[in-house]
Amino acid sequence: MSSMFARAIGEHDFARLHPMMQRRFGVGLESGEACIGRGVMTEIRRGPWWTVPFLQIGRLRNILIPTLGREVPFTIENFPYRDPLGRETVTFVREYTINERASRFDATMILSAGRIVDYLGTHQHLAVDLELSVDDDGGLRLKSDAQRFYEGPVAFRFPMLFSGRATLHEWYDETDQCFHVDMQVHNHRFGFLFGYRGSFTCEWIPASDAPERLKPLRHERRV
């Protein structure tokens with residue numbers, strides 16, 4: 001057994017990650033650890049004015065952050081747990097404080113058929129396939145692929161015309177001994193929608209379950 005990320009990337013490529021990245025993405029039920037990151041987003045930005053309604057809709061279910069900011073404090077909490085459907089799950093819950101207002105971006109990840117599926121939002125409405133790769137400097141690159149929307153009996157492949165593809169680069173810098181992240185979301189027709197960049201440090205604590213406050217309000221069976 002190994003972490004879901006090692007299984008998705010492959011043991012050989014996972015070993016190419018920087019050792020600190022291996023520990024961070026080694027979080028799982030087997031490791032018995034949670035990873036809590038605290039840092040600052042140097043910049044949170046969005047596209048033109050017409051992206052605001054799109055981002056505001058996402059905010060209602062903790063899927064997107066509509067507010068702009070610089071030097072924004074944030075936390076990211078990665079806790080492993082077994083969901084009610086018996087699947088090993090890792091939380092990726094980010095919380096920001098912008099102009100004294102708290103915002104939150106909820107994500108939970110599972111491994112399905114050898115790929116990571118990222119459920120977004122408080123009710124896991126969006127299921128997003130992720131492509132993971134390792135760069136030459138031991139960083140992790142992530143690209144979002146197909147997206148599916150689920151609500152009750154409704155299920156459909158989300159049209160990319162009305163959504164965006166995310167690219168994320170995360171790496172560890174020996175110089176400042178921090179993790180760094182750079183994420184952007186683009187729509188193939190309308191261009192840049194949303195992005196952030198920042199840095200953070202991590203602590204690891206024993207954990208075999210996630211606090212209820214980090215779990216989604218509904219777990220979606222469909223992947």
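A residue counts as exposed when its relative accessible area is over 50%, as buried when that area is under 20%, and as partly exposed in between. Gln177 has a relative accessibility of 54%, so Gln177 counts as exposed. The structure described here is a predicted model.

**Two residues with positive phi**

Gln177 is found in the loop between strand S12 (165-173) and strand S13 (178-187). Its phi is near 55°, a positive value in a residue other than glycine. Gln124 also has a positive phi, of about 50°, and is not a glycine. This residue lies in the loop between strand S8 (115-120) and strand S9 (126-134). Gln124 has a relative accessible area of 1% and is therefore buried.

| Residue | Relative accessibility | Class |
|---|---|---|
| Gln124 | 1% | buried |
| Glu88 | 15% | buried |
| Leu111 | 28% | partly exposed |
| Gln177 | 54% | exposed |

**Glu88 and its surroundings**

Glu88 is placed in strand S4, which covers residues 88-91. Because its relative accessibility is 15%, Glu88 counts as buried. What does the side chain of Glu88 make a polar contact with? The partner is the side chain of Arg7, at 3.2 Å. A polar atom of the Glu88 side chain also lies 2.8 Å from the backbone nitrogen of Leu29. With neighbours within four places in sequence left aside, the residues in contact with Glu88 include Met4, Gly28, Glu30, Tyr81, Arg82, Met109 and Ile110. Arg7 and Leu29 are also on that contact list.

**Leu111**

Leu111 belongs to strand S7 (residues 107-112). With a relative accessible area of 28%, Leu111 is partly exposed. Leaving aside neighbours within four places in sequence, Leu111 is in contact with Met4, Arg7, Ala8 and Ile116. Between Leu111 and Thr89 the C-alpha to C-alpha distance is 7.9 Å, while the two are 22 residues apart in sequence.

**Nonpolar cores**

The largest nonpolar core has 44 residues. Which of them touch the most other members? They are Phe5, Met41, Ile44, Phe92, Tyr96, Leu132 and Tyr196. Strand S14 (residues 191-206) gives the most to this core, contributing six residues. There is also a second, separate core of eight residues, and among them are Ala34, Phe79, Tyr81 and Ala207.

**Aromatic rings**

How many aromatic pairs does a search of the whole structure find? The search finds ten. One of the pairs joins Phe74 and Tyr96, whose ring centres are 6.1 Å apart and whose planes are at 25°, so the pair is stacked. Planes under 30 degrees apart count as stacked. Phe74 lies in strand S2 (residues 69-78) and Tyr96 in strand S5 (residues 93-98), so this pair ties together parts that are 22 residues apart in sequence. Both Phe74 and Tyr96 are buried.

Ring pairs also link a cluster made up of Phe74, Tyr96, Tyr172, Phe179, Phe194, Tyr196 and Phe200.

A charged residue over an aromatic ring is found at Arg24, which lies over the face of Phe25 at 5.2 Å from the ring centre.

How values were computed. Residues are numbered from 1 along each chain as its sequence is written. This is a predicted model: local features need pLDDT of at least 70, side-chain atom pairs count only at pLDDT 80 or more; totals for chains, interfaces and linings use all residues. Side-chain values use heavy atoms; hydrogens and water are left out. Helices (H or I, at least four residues) and strands (E, at least two) are DSSP runs, numbered from the N terminus. Buried means under 20% relative accessible area, exposed over 50%, partly exposed in between (1.4 Å probe, protein chains only). A polar contact is a pair of N or O atoms within 3.5 Å; within protein, one must be able to donate a hydrogen and the other to accept it, and residues adjacent in sequence count only if both atoms are side-chain atoms. Contact means heavy atoms within 4.5 Å. A nonpolar core is a set of buried Ala, Val, Leu, Ile, Met, Phe, Trp, Tyr and Cys residues joined through side-chain atoms within 4.5 Å. Rings of Phe, Tyr and Trp (its six-membered ring) pair if their centres lie within 6.5 Å; planes under 30 degrees apart count as stacked, over 60 as edge-to-face and the rest as tilted. A charge sits over a ring if NZ of Lys or CZ of Arg is within 6 Å of the ring centre and within 35 degrees of the ring normal.
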